[in-house]
Amino acid sequence: MEFAIQTVANAWVATFLYAVLAVGLALIFGVMRTANFAHGEFFMVGAYVVWLLYSRSDWPFPVAVVAAMGIVTGIGMITELGVFRTLRGNVVAGLIASLGLVFILQVTVGRIWGLGLAKPVAPFFPGSLEILGANVGWQRFSIIPAGLTMLGILWLFLNRFKMGQALRATAQDPEAAALMGISINRMALLAMGISAAFAGVAGALMSSVYPVEPYMGHAVILMAFIIVIVGGTGSLIGAFVAAIMFGFIHTVVTTVFDSTVAIIIACVTMAIILAVRPKGLLGREKV
Amino acid sequence: MRKYKISPAHASLIALVAFLCVLPFQLGGYALSITTLLLINIIIVVSFRLITTIGGWNLAHYPLVGVGAYFSALMAINFGWPFWATVPLAGFVAAIIGFGFSYPLVRMTGFAFFITSYAIGEALRLSWVKLVYPFGGPTGISRIPRPSPWSFPGLPTIDFSHFIPYYFIVLVVMLVCLFIMQRIDRSRLGNTFKAIYLQEPLADSVGIDVTQYKTQAYVIGAFFAGIAGALLAHFLRAIDPSLFGLETTTYLLIWAVLGGTHTFGGPIIGVGIFTAMEEGLRPLAAWRPLVYGFILIAVLLFLPGGLEDLPGKVSTWVKKLRSWIRR
């Protein structure tokens, strides 16, 4: 019983981590038709900023998280301006360019702060939450309220604000949106900023949970991509539903076997779902 | 009687092959091993390009190379099968696995094809990491034998454990593979692949079975990937799962992007130039991926067609320059 509750609690933590990352990916795919492999590296940079500021320079943790968000948002916007803007609409070129970005970010971080042992980050929220005998560290748990807040704000922004509605319009039909006077360039920059900010915050909050090293992005990017595709590309709600599904699959299989088997099972599940339903769970169009 | 004329293209091809036949005797051990690897990589990148002609950039290509490598290595070590049998069989095994992969893949395009192929390939690769028996787990397989020596009465024995004889095996296999793939590229089949890439709904409406043809392209590409894998395994003599991961795949993408994928020769130029560049940048050591990242992005931004587009671009620049001077 304890074991089951523990697994369910862990699964919700994984769900919100994946949801935050996958919703960001789905957002930029919807607006820019660009799939960003460097999203995992944005996550990694977020964790590094917290390590640098909080663990090394003794800044307060919330300030470090905000700084991580700001820096990663900046990197995201610079890549949009410098790389993705020219390649927008060309899915293959955008993806390959983002693989180039993966190399650049990994090598820069790895060369400056060194490879080898993972950087230690002490949890800011000590202790753990006890639910019916199960233990979830507060630091791990923090991704759930943070994720809920971020996704809630995004939902409000997309539905209640004029700019958010413009963003949705661009995702539905860029040409028609441009004809209505919406600046596609500005929308792409906005989408990339939001997406990078989400990845930065996720990395910052998870810095004491995941080992902080240059290749930590690999661990999450594959799952995030699987979730985006299974949810139906460009569908934010689909991404969230798929995040719950794969959060549970990954956690349960990791608990019973190990994380390598979990990724294998997740990939096979994805292949089966897509063979039956190529649009993904909630996708409108075939991608 | 029709006189047989040798076209300049054929003449240069014959000269190139002659050059490749003389080359190993002039090179040292290290340079020779780099050249042999280059020839194997050419098979890999050309078979990769064959799949791109249907519009799919197959991130599971290196895992398929791995299928060939693991199959050939395991058969040679555990059952003592000869090299000459395992290399073609490795192609067939990779083709069968590729057929399985193709079922979900050919039903999607662009982004989904990319990510799904990455995920399926990664699942396969991780199963090699996971299963210590028979794949050796993370450390992989070592002590893979070289082909057994050939001896004919009255002739000197050819010992394939040396670099030069093995180079010639690779050269011959590469030439045969390239010949077949070039024929496919020029045939009705190859043109159908390109028609599907250019206008899938139109191709579908004129009665081309799109799914069927896409599957064929994928399976053919997987076959040659498997053969290249087998050659690689017996050349390196030790393989492990990390050889077939995302990093190697990214290099494959750099070769294809650098050279361009519209012509048959483009990727070959790409892999050749990249190999030369890699040797030239050796002093940079661990900074090299950073340079590659910048090169990749620069090519995509400024020369989207790859190096194969360069002559055309240069000639338009020259024309513009001339008309500007005359003005």
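# Close-up views of a two-chain predicted model

**Figure 1. Overall build of chain A.** From the N terminus on, the elements of chain A follow the order α-α-α-α-β-β-α-α-α-α-α-α-α-α. That makes 12 helices and 2 strands. The model is predicted. The C-alpha trace of chain A spans about 55 × 45 × 35 Å along its principal axes. Its radius of gyration is 18 Å, in agreement with the value near 19 Å that a compact globule of 287 residues would have. Buried residues account for 52% of the 287 residues in chain A. Of the contacts in chain A between residues at least 6 apart in sequence, 76% link residues at least 24 apart.

**Figure 2. Overall build of chain B.** Chain B has 14 helices and 0 strands. Its radius of gyration is 21 Å, close to the 20 Å given by the globule rule for 327 residues, so chain B is as compact as a globular protein of that length. Along the principal axes, the C-alpha atoms of chain B fill a box of roughly 70 × 60 × 45 Å. In chain B, 42% of the 327 residues are buried. For contacts in chain B with a separation of 6 or more, 76% come from residues 24 or more positions apart.

**Figure 3. The side of chain B that touches chain A.** In this view, 35 residues of chain B are in contact with 36 residues of chain A. Two or more residues each are given to this side of chain B by α4 (83-105), α5 (110-130), α11 (246-259) and α13 (288-302) of chain B. The largest share, 14 residues, is supplied by α5(B). By class, the residues on the side of chain B that touches chain A are 26 nonpolar, 6 polar and 3 charged.

**Figure 4. Helix α7 of chain B and its cover.** Helix α7 of chain B runs over residues 163-186. Its 24 residues should span 34 Å at 1.5 Å a residue, and the end C-alpha atoms are 34 Å apart, which agrees. The buried residues of α7(B) are Y166(B), Y167(B), I169(B), V170(B), V173(B), M174(B), C177(B) and M181(B). The cover over these buried residues includes α1 (8-26), α2 (29-52) and α10 (210-236) of chain B.

**Figure 5. Packing of α2 against α12 in chain B.** Two packed helices are described by the angle between their axes and the distance between the axes. Here α2(B) and helix α12 (residues 266-280) of chain B pack at an angle of about 145 degrees, and their axes are 9 Å apart. The crossing of α2(B) past α12(B) is right-handed. On the α2(B) side, the contact is made by I34(B), L38(B), N41(B), I42(B), V45(B), V46(B) and R49(B). On the α12(B) side, the contact residues are P267(B), I268(B), G270(B), V271(B), G272(B), T275(B) and E279(B). The contact of α2(B) with α12(B) has 8 nonpolar, 4 polar and 2 charged residues.

**Figure 6. The peptide bond from Y133(B) to P134(B).** Most residues other than glycine have a negative phi, and most peptide bonds are trans. The peptide bond from Y133(B) to P134(B) is cis, and its omega is near 5 degrees. P134(B) is placed in helix α6 (residues 132-135) of chain B.

**Figure 7. Positive phi at D58(A).** D58(A) is a residue other than glycine with a positive phi, near 60 degrees. The loop that holds D58(A) lies between α2 (39-56) and α3 (61-87) of chain A. D58(A) has 8 C-beta neighbours inside 10 Å and therefore counts as exposed, the cut-off for exposed being 12 or fewer.

**Figure 8. Positive phi at R237(B).** R237(B) is not a glycine, yet its phi is positive, at about 70 degrees. R237(B) is in the loop between α10 and α11 of chain B. With 14 other C-beta atoms within 10 Å, R237(B) is partly exposed.

**Figure 9. K279(A) and T233(A).** K279(A) is located in the segment after α12 (259-276) of chain A. K279(A) counts as partly exposed because it has 17 C-beta neighbours inside 10 Å. K279(A) and T233(A) are 46 residues apart in sequence, and their C-alpha atoms are 7.9 Å apart in space.

Methods
Residues are numbered from 1 along each chain as its sequence is written. Chains are lettered from A and ligands numbered from 1 in the order in which they are written. This is a predicted model: local features need pLDDT of at least 70, side-chain atom pairs count only at pLDDT 80 or more; totals for chains, interfaces and linings use all residues. Helices (H or I, at least four residues) and strands (E, at least two) are DSSP runs, numbered from the N terminus. The radius of gyration is taken over C-alpha atoms; the globule rule is 2.2 Å times the number of residues to the power 0.38. A residue is buried if 20 or more other C-beta atoms lie within 10 Å of its own, exposed if 12 or fewer, and partly exposed in between; C-beta atoms are placed from the backbone. Two residues are in contact if their C-beta atoms, placed from the backbone, lie within 7 Å. Ala, Val, Leu, Ile, Met, Phe, Trp, Tyr, Cys and Pro count as nonpolar, Asp, Glu, Lys and Arg as charged, and the others, Gly among them, as polar. The expected span of a helix is 1.5 Å times one less than its number of residues. Axes are lines fitted to C-alpha atoms, for helices over the stretch in contact, and angles run from 0 to 180 degrees between N-to-C directions. A crossing is left-handed if the near helix is turned anticlockwise from the far one by less than a right angle, and right-handed if clockwise.
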